[in-house]
Amino acid sequence: MCKACKGKFYMTTAIAYTSGKPHIGNTYEIVLADAIARYKRLEGYDVYFQTGTDEHGQKIELKAEAAGITPKEYVDQIAGEVKFIWDLMNTSYDNFVRTTDADHEAQVQKIFKRLYEQGDIYKGYYEGLYCTPCESFFTESQLVDGRCPDCGGEVQPAKEEAYFFKMSKYADRLIEHINKHPEFIQPVARKNEMMNNFLLPGLQDLCVSRTSFTWGIPVDFDPKHVVYVWLDALTNYITKIGYDADGGSSELFKKNWPADLHLIGKDIIRFHTIYWPIFLMALDLPLPKQVFGHPWLLQGEGKMSKSKGNVLYADQLVEMFGVDAVRYFVLHEMPFDNDGVISWELLVERMNSDLANTLGNLVNRTISMSNKYFDGVVANAGAAESVDDSLKEVVTLTRDRVSSKMADLRVADAITEVMTLFKRCNKYIDETEPWVLAKDEAKQARLATVLYNLVESISIGANLISSFMPETAQKILVMLNDREREFDELAFFGLREDGKRVTDAPEILFERLKLDEVLAKAETLQPAAADGHGTAEDDAGIDIEPKDEITFGDFEKMQFQIGEIIACEEVKKSKKLLCSQVKIGSQIKQIVSGIKKYYSAEEMVGKKVMVLVNLKPAKLAGVLSEGMLLCAEDAEGNLALMTPEREMPSGAEIS
């Protein structure tokens with residue numbers, strides 16, 4: 001069968017921002033993308049799979065300065081870490097992009113100039129109310145009580161020279177495209193959010209250059225400007241497959257564009273479904289066929305480690321569980337359109353129940369019985385019974401069930417279908433009782449047929465799980481002495497050649513783990529964070545201007561509770577904001593706080609904090625905030641989160 005007979009399939013991930021080492025939540029995306037790419041290849045598509053790193057911006061310039069190295073040296077280091085993690089997770093990308101690559105930078109300059117010359121980009125001033133600490137402009141409507149929405153500080157009228165893209169020129173055309181192509185933005189909830197919150201109210205022109213920092217791609221005809229963020233980052237999807245703004249695009253570009261799938265996190269869906277399509281319209285290029293905004297992988301219930309601020313990384317998990325076990329977990333535990341949760345307890349449970357027991361024990365028992373009863377020779381003796389039909393029906397229908405789920409990008413459901421096949425094999429062993437058949441010489445043909453059916457079923461299952469757990473699938477096929485099958489063959493039962501031997505020494509695929517041992521090892525991954533509190537002798541105290549007195553009734557209106565931060569991300573368009581997912585009892589609230597200067601997103605995770613729960617929701621820098629984290633502020637304006645003195649459960653009332 002020709003691998004390319006079903007046509008091309010070009011897919012991309014978002015490119016990872018090189019501000020730090022990717023944690024397991026970041027790594028989920030590349031594993032998800034790899035599973036999709038591998039399955040498309042199995043189906044017979046000619047796949048081109050692109051990923052990489054986003055390496056420009058003021059944040060990187062500042063981090064490099066703080067580290068005493070150049071921005072290029074800084075991004076070289078982080079890009080190396082990203083690529084190491086991607087390779088560690090056995091991801092089969094075809095191209096690893098870096099936005100500092102010379103060919104990308106040259107094309108971004110060409111694109112910028114073309115859009116300027118055709119009137120889509122114009123020069124003006126980024127004018128508004130300026131917050132000096134945040135280095136950001138805001139409109140009057142974006143302020144909160146007349147102050148900076150990021151840090152709460154004072155703002156002053158100011159302006160900065162900048163180039164702008166005329167977003168409104170293409171807005172109606174984009175709305176029409178979305179309405180005519182319901183598959184364009186997935187899941188549907190993301191589409192509704194983009195239409196109702198951004199497109200239908202009307203788009204403002206987009207700032208596409210900056211002069212307040214230098215670490216970016218220079219605007220070649222106005223070099224005091226650098227190309228700003230999204231026009232640089234998003235265009236990698238075309239520049240790195242050979243797009244040429246002057247008309248000399250490569251055959252690779254002509255073959256693969258438009259992209260069949262952009263796989264991204266839900267937090268950057270707006271940039272990929274509004275800004276990016278409009279840029280493409282201005283370049284007179286077709287739009288990608290689908291943008292899928294996947295949910296987040298959250299660290300659940302604070303049980304990853306007792307050490308505060310513990311953030312999990314893929315290499316740590318691989319050391320403890322192995323590559324395929326980590327791949328299985330992050331793919332299996334992530335729902336289609338809701339956030340998934342990772343915890344040590346869940347990892348151990350899946351390792352023991354699904355991988356060690358359902359799959360590993362099945363393979364081991366089947367090979368061991370084949371060796372014990374027939375010296376490893378597997379042959380179909382034709383002694384069929386009705387119970388075989390039920391097994392064969394499940395096995396032969398699994399391929400199409402998996403493909404149906406994968407077509408809708410329901411990867412967790414697809415894996416469940418394969419695990420159902422393996423569970424059916426275990427049930428078949430219980431139904432046929434090979435150890436009983438082995439005691440009766442007259443039933444040797446039936447025993448041989450049962451073992452053939454098991455080996456054949458496991459082989460088909462191994463081929464189907466190869467996209468999700470490639471190393472494990474290969475190990476199973478080697479132990480069964482079977483081959484990788486073509487996609488069309490996976491719907492047929494009985495293709496294994498009679499008389500072939502299985503291995504005489506089956507490998508233990510997955511060891512059962514003890515939770516207490518895993519938790520003890522988890523404690524060693526990162527040291528406990530220092531609490532950072534000064535002594536009473538060090539604290540001279542400060543006085544602040546008193547506010548008006550309130551009554552006890554006023555106080556009773558406010559609801560304060562203990563919250564536990566289970567995930568935290570930087571708000572990309574803000575220099576000050578962090579967006580935290582805070583578990584409060586059985587609820588999870590999203591809270592945006594202007595504390596990025598004092599805490600990294602990584603060190604926020606796992607902290608117990610004091611939360612004002614019933615604050616009216618508001619948007620800060622376009623991100624919904626559903627409460628407030630309580631902080632203390634010293635005379636210099638430094639902030640510290642308020643945390644309970646003793647260990648308290650999330651949801652505990654503060655009174």
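**A loop position and its surroundings**

Author: D284 sits in the loop between α10 (269–282) and β13 (291–294). Helices here are DSSP runs of H or I with at least four residues, strands are runs of E with at least two, and both are numbered from the N terminus. The model is predicted, so local features need pLDDT of at least 70 and side-chain atom pairs count only at pLDDT 80 or more, whereas totals for chains, interfaces and linings use all residues. Residues are numbered from 1 along each chain as its sequence is written, and side-chain values use heavy atoms, with hydrogens and water left out.

The backbone of D284 has a phi near 60°, a positive value in a residue other than glycine. Most residues other than glycine have a negative phi, and most peptide bonds are trans. D284 is exposed, because its relative accessibility is 62%; exposed means over 50% relative accessible area, buried under 20%, and partly exposed in between, with a 1.4 Å probe and protein chains only.

E433 also has a positive phi, near 45°, in a residue other than glycine. This residue is located in the loop between α15 (411–432) and α16 (434–437). With a relative accessible area of 35%, E433 counts as partly exposed.

Two loops contain cis peptide bonds. One runs from Q186 to P187, with omega near -10°, and P187 belongs to the loop between β8 (185–186) and α6 (188–199). Another runs from W257 to P258, with omega near 10°; P258 is in the loop between α9 (251–256) and β12 (261–265).

The account now turns to the interior. A nonpolar core is a set of buried Ala, Val, Leu, Ile, Met, Phe, Trp, Tyr and Cys residues joined through side-chain atoms within 4.5 Å. The largest such core has 103 residues, and I36, F321, W344 and F468 have the most contacts inside it. A second, separate core has 55 residues, among them A14, I111, M167 and W230.

W344 also takes part in helix packing. Helix α13 (residues 344–374) packs on helix α19 (residues 515–522) at an angle of about 135°, with the axes 10 Å apart. The axes are lines fitted to C-alpha atoms, for helices over the stretch in contact, and angles run from 0 to 180 degrees between N-to-C directions. The two helices are therefore oblique to each other: angles under 35 degrees count as roughly parallel, over 145 as roughly antiparallel, 65 to 115 as roughly perpendicular, and the rest as oblique. On the α13 side the contact involves W344, E345 and V348, and on the α19 side L515, V518, L519 and A522; contact means heavy atoms within 4.5 Å.

Elsewhere in α13 lies T358, which is buried at 10% relative accessibility. Leaving aside residues up to four places away in sequence, T358 touches S353, M419, F422, K423 and N426.

Helix α12 (residues 323–332) is largely enclosed by the rest of the structure, because 10 of its 10 residues are buried. These include D324, R327 and H332.

The cysteines form zero disulfides, a disulfide being a pair of cysteine sulfur atoms within 2.5 Å. For C568, the nearest cysteine sulfur is that of C579, 7.3 Å away. C568 is buried, with a relative accessible area of 6%, and C148 is buried at 3%.
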